[in-house]
Amino acid sequence: MFQSELSSFRRRLVVARQSGDLYFASLLDRKTIASALGEATGILDSARIYTTAVTLWVFLSQVLSVDHGCVSAVAKLIHYRCARGLGRCSSKTGMYCIARDKLDELAMHRLVTKVGQDIDDQAPDDWLWLGHRVVTGDGTTITMADTPENQAEYPQQRGQAVGCGFPIMRVVVLFALSTGVVLETAMGKYRGKLTAEVSLFREVDQLIQEDDVFLADRAYSSWFDMARLMSRGAHVVVRKHQLRKSDFRTGIRYGQDDHTIHLDKPSRPDWMSDREYAEYPDFITIREIKIRVDNQGFRTRVIIVHTSLLDDRDYSKDDISALFRRRWQAELHLRSLKTIMQMDHLRCKRPHRVRNELRAHMLAYNLIRQVMCDAAMSGKLQPWQVSFKRTMSTLVELLPTLNVISNVDELCEVLFQSCRRQVVGNRPDRYEPRVLKRRAKGYKLMQKPRRDYKPGEA
């Protein structure tokens, strides 16, 4: 369990100060890096300055900075080394970029998932939902630098002219509902065969095991996805697929707008083999619940949810309804990654660097979530009540002061108090229309490559 003032952050902070490590070691220590990366650390550990740990710490500093630039990240390293009396390194970014290029992709992925899983495993029982770990997932798209290498692996939209668009990557992320950490992620092309959200989800759904609850929208409510998760002993709480019809007069009725039905196995899809199709049961038993959302000033909204939690005594209709209405938190987590951490457009110019840049953002996100969990535990709050943006801003400002503040307990208390000061409100059924208040500039849209425009042409 997280231990209030004697938090994991405090322990790592003490070790980092004693070892003279870069201040990001208080978020991610050498031991965690070595255990996750394994033999992949051997490529950089012989370096004089940019060892594996230092390269990762500087990478984290870069993705958390305002401009995301290599120059500012290296400048922070120089400042820290001078403050510790270690002598400054070169201000040129070449060596750092070379070292960052050598970070192994699979090792980086292991590090993200290990950190997220470790944080979630330490969560207290009262953060669970009726004793279950809830995993929620959602998908999004990311753009990146417009280079031939990126375009070859992640093509832009077909309707855009060459040189006028950006390469697009589709990403599916699985979050832990209790702590908000990233547990698993899958990346793929925006268009093409087997590139849809649900296809990427099937690459990582092994994370959801017995007794877990998978919470998602209707994109993940296909019969085969529900049956596959249920065969492992996992549970599903998803919005009903739009093509299914509902009749609450049929099945075993538990109460108003609450009954159990059988869903027969559909025809075999083209992507599935005959052998795999035969392994699925002829039908699955699903509980169907109608949720009515009444918001003042808005029309009453009706949502139908399908779940494998059939016991209406252990899992009441109100319990299921309250859980599904928390699915919105997955959207908020993606907003934290894409908007607050500026992950919506990645700057690297080669595909493998882009993927590692995305993983670095998710690693930094998980480390911020860890501090939020420590702060929530010390203030007897839930992690979702702590502001992500405030925690990130506080960390970015306070971490470099480790050399100035000698009292570790005082630093931790100041950090946690600042994180808890702005409590996020309970926002079920929040309505967020995608409209802009500030008008865009009156520039024309690019319709041909920039090099083809003549001077003065607009």
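In this predicted model, the buried residues of helix H1 pack against H13 and against helix H15 (408–421). The chain itself is divided into domain 1 (1–103) and domain 2 (106–340).

**Helix H1**

- Helix H1 covers residues 8–19, and at 1.5 Å a residue its 12 residues should span 16 Å, which agrees with the 17 Å that lie between its end C-alpha atoms.
- The buried residues in H1 are Ser8, Phe9, Arg12, Leu13 and Ala16.
- When H1 is seen down its axis, these buried residues fall within an arc of 130°, and so they line one face of the helix.
- After H1 comes Gly20, a residue whose phi is positive, near 70°.

**The nonpolar cores**

- The largest nonpolar core has 116 residues, and the members that touch the most others are Phe9, Leu28, Tyr50, Trp57, Phe214, Leu358 and Met362.
- Because domain 1 (1–103) and domain 2 (106–340) both give residues to this core, it lies between them.
- Apart from this core lies another one, made of 16 residues, among them Ile291, Ile303, Tyr315 and Leu323.
- In soluble globular proteins, nonpolar side chains tend to be buried together.

**The surroundings of Phe214**

- Leaving aside residues up to four places away in sequence, Phe214 touches a set of residues that includes Val135, Thr136, Gly137, Leu174, Phe201 and Ile208.
- Among the other residues that Phe214 touches are Tyr220, Leu229, His235, Val236, Val237 and Val238.

**The two domains**

- The centres of domain 1 and domain 2, taken over C-alpha atoms, are separated by 35 Å.
- Contact between the two domains involves 11 residues of domain 1 and 11 residues of domain 2.

**Cysteines**

- The structure holds 0 disulfides.
- Cys70 is in no disulfide, and the cysteine sulfur nearest to it, that of Cys97, is 3.8 Å away, whereas a disulfide would need the two sulfur atoms to be within 2.5 Å.
- Cys70 has a relative accessibility of 18% and therefore counts as buried, the cut-off for buried being under 20%.
- Cys164, with a relative accessibility of 16%, likewise counts as buried.

Methods. Residues are numbered from 1 along each chain as its sequence is written. This is a predicted model: local features need pLDDT of at least 70, side-chain atom pairs count only at pLDDT 80 or more; totals for chains, interfaces and linings use all residues. Side-chain values use heavy atoms; hydrogens and water are left out. A nonpolar core is a set of buried Ala, Val, Leu, Ile, Met, Phe, Trp, Tyr and Cys residues joined through side-chain atoms within 4.5 Å. Buried means under 20% relative accessible area, exposed over 50%, partly exposed in between (1.4 Å probe, protein chains only). Domain bounds come from an automatic or database domain assignment. Contact means heavy atoms within 4.5 Å. Helices (H or I, at least four residues) and strands (E, at least two) are DSSP runs, numbered from the N terminus. The expected span of a helix is 1.5 Å times one less than its number of residues. The arc is that of the directions from the helix axis to the C-beta atoms.
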